Structure formats: structure tokens, C-alpha cells
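Visitor: I am new to this structure and would like to learn how to read its features. Could you walk me through a few?

Guide: Gladly; let us look together.

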Amino acid sequence: MEAQYKNIHQDIIDQCKLGSRDAQFQLYKLYYKSMYNTSLRIVANSNDAEDIMQESFLSAFRKLDTYEGKVSFGAWLKKIVVNRSLDYLKKRRVVFEEINERVMDEEPDPRMEIREIDLNKLKKAVMQLPEGYRVVLSLYLLEGYDHDEISEILNITNVSSRTQLLRAKKKLRDILVKDELFSFN
């Protein structure tokens with residue numbers, strides 16, 4: 001089957017399919033940082049994220065023949081990392097709340113001052129969110145999943161996904177205000 005997406009690293013991927021360890025290491029070096037960060041945003045523990053990233057690469061190399069080229073290799077690999085990270089959370093019995101309430105549209109607060117926030121402080125604030133909120137927020141804002149995809153992945157309703165995202169944003173705002181990284185006029 002001919003790939004529908006032209007990867008910029010297709011020659012390395014082809015060598016990996018032939019079993020080249022050097023090519024696997026090259027591919028690992030190209031993607032490990034972003035895959036580690038993806039997992040870290042979901043599991044919030046650097047050691048666990050490292051393990052999950054390693055397992056995901058091993059899985060990807062074993063399943064490389066199933067990669068059809070319908071999406072970029074990075075997107076395919078990221079899906080493996082996201083799924084493994086979520087499996088890890090499920091094993092730890094993280095419960096994603098099923099919420100049956102109407103989602104209110106979030107309106108920006110006109111009193112809110114927007115200024116530059118230190119990225120590391122923002123990351124630290126995100127890591128303080130409850131796991132369910134952090135996972136939904138990460139999948140939606142950082143990984144680009146929509147609420148239908150999140151609800152399917154986490155086995156929750158679309159409304160629950162939307163509500164948890166709104167609550168995550170509110171909680172994150174509260175943390176930032178408390179830490180004086182964000183203020184009201």
C-alpha cells in the first residue's frame with residue numbers, strides 16, 4: 001500500500017522496517033522529547049512518562065509494518081503514547097467523572113489581566129490539577145483532540161469532557177491567581 005502522507009523521515013522509517021537498529025535510534029532521537037512531554041502532561045510523573053515513552057517506542061517498532069502512512073509518523077506514534085499513558089492511568093484507577101449537567105459557554109472575564117506567564121510556572125500549575133481535569137485539558141488544548149475523541153478515548157460523555165475542560169480551566173485560573181501569576185484588575 002502506498003503511503004497517503006509523505007513523511008520527511010520516510011527513508012529512516014523504511015530502514016526501520018528493514019530492522020536497522022541505527023535507523024531506530026535515529027527515529028528515537030527525532031521524536032523522544034516530544035513523546036516524553038506528551039506522556040508527562042498526561043501522567044504527571046517524569047519516571048512514569050519515561051517508562052511509557054520507552055514502551056511506546058518498542059511497541060511502535062514492533063508494529064511498524066501496520067503503519068499505513070495515512071497520517072504523519074509523529075501523529076501515529078503520539079497516538080500510541082497517548083493510549084499507553086491513558087492505559088497507565090486506568091491501571092492506577094484514575095476515575096474520569098461522569099457529569100450530567102448542562103455545559104455553560106465560557107465567557108472571557110473582562111476584568112482579567114493578561115500578561116506574560118513564565119512557561120515553567122504554567123507547567124507546574126497544570127501539574128497541580130486533579131488527574132481527570134489535567135488529562136482532559138492536555139488532550140484538548142495540547143494534543144488537539146476534540147470532545148468527541150476525548151469522550152471515546154476516556155469512555156465518558158461529550159458533556160463530561162466539556163464540563164471537565166471548563167472546570168480544569170477554572171481550577172488552573174484559580175491556581176495561577178493564588179500563585180500571583182495571574183491577577184484581576
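Guide: Let us begin on the surface, where Y140, L141 and L142 make a nonpolar patch of about 260 Å². Please keep in mind that this is a predicted model, in which local features need pLDDT of at least 70, side-chain atom pairs count only at pLDDT 80 or more, and totals for chains, interfaces and linings use all residues. Residues are numbered from 1 along each chain as its sequence is written, and side-chain values use heavy atoms, with hydrogens and water left out.

Visitor: What are patches made of?

Guide: Patches are made of residues with over 30% relative accessible area and no salt bridge; like charges are joined within 9 Å, and nonpolar side chains (Val, Leu, Ile, Met, Phe, Trp, Tyr) within 5 Å. Accessible areas come from the Shrake-Rupley method with a 1.4 Å probe, and for residues only the protein chains shown count as cover. Helices (H or I, at least four residues) and strands (E, at least two) are DSSP runs, numbered from the N terminus.

Visitor: Is S39 buried or exposed?

Guide: Buried means under 20% relative accessible area, exposed over 50%, and partly exposed in between (1.4 Å probe, protein chains only). S39 has a relative accessible area of 0%, so S39 is buried. L141, at 47%, is partly exposed.

Visitor: Which residues is S39 in contact with?

Guide: Contact means heavy atoms within 4.5 Å. S39 sits in helix α2 (residues 21-43). Leaving aside neighbours within four places in sequence, S39 touches A44, A49, I52, V81 and S85.

Visitor: How many salt bridges does the count come to?

Guide: A salt bridge is a side-chain nitrogen of Lys or Arg within 4 Å of a carboxyl oxygen of Asp or Glu. By this rule there are seven salt bridges. In one of them, the side chains of R41 and E143 meet at 2.7 Å, N to O. R41 lies in helix α2 and E143 in the loop between α6 and α7 (147-154), so this pair ties together parts that are 102 residues apart in sequence. R41 is partly exposed at 23%, whereas E143 is buried at 10%. R41, K78 and E143 are linked in a network of salt bridges.

Visitor: Which parts do E131 and R92 tie together?

Guide: Their side chains, those of E131 and R92, form a salt bridge at 3.2 Å, N to O. E131 lies in helix α6 and R92 in the loop between α4 (73-91) and β1 (112-113), so the pair joins parts that are 39 residues apart in sequence.
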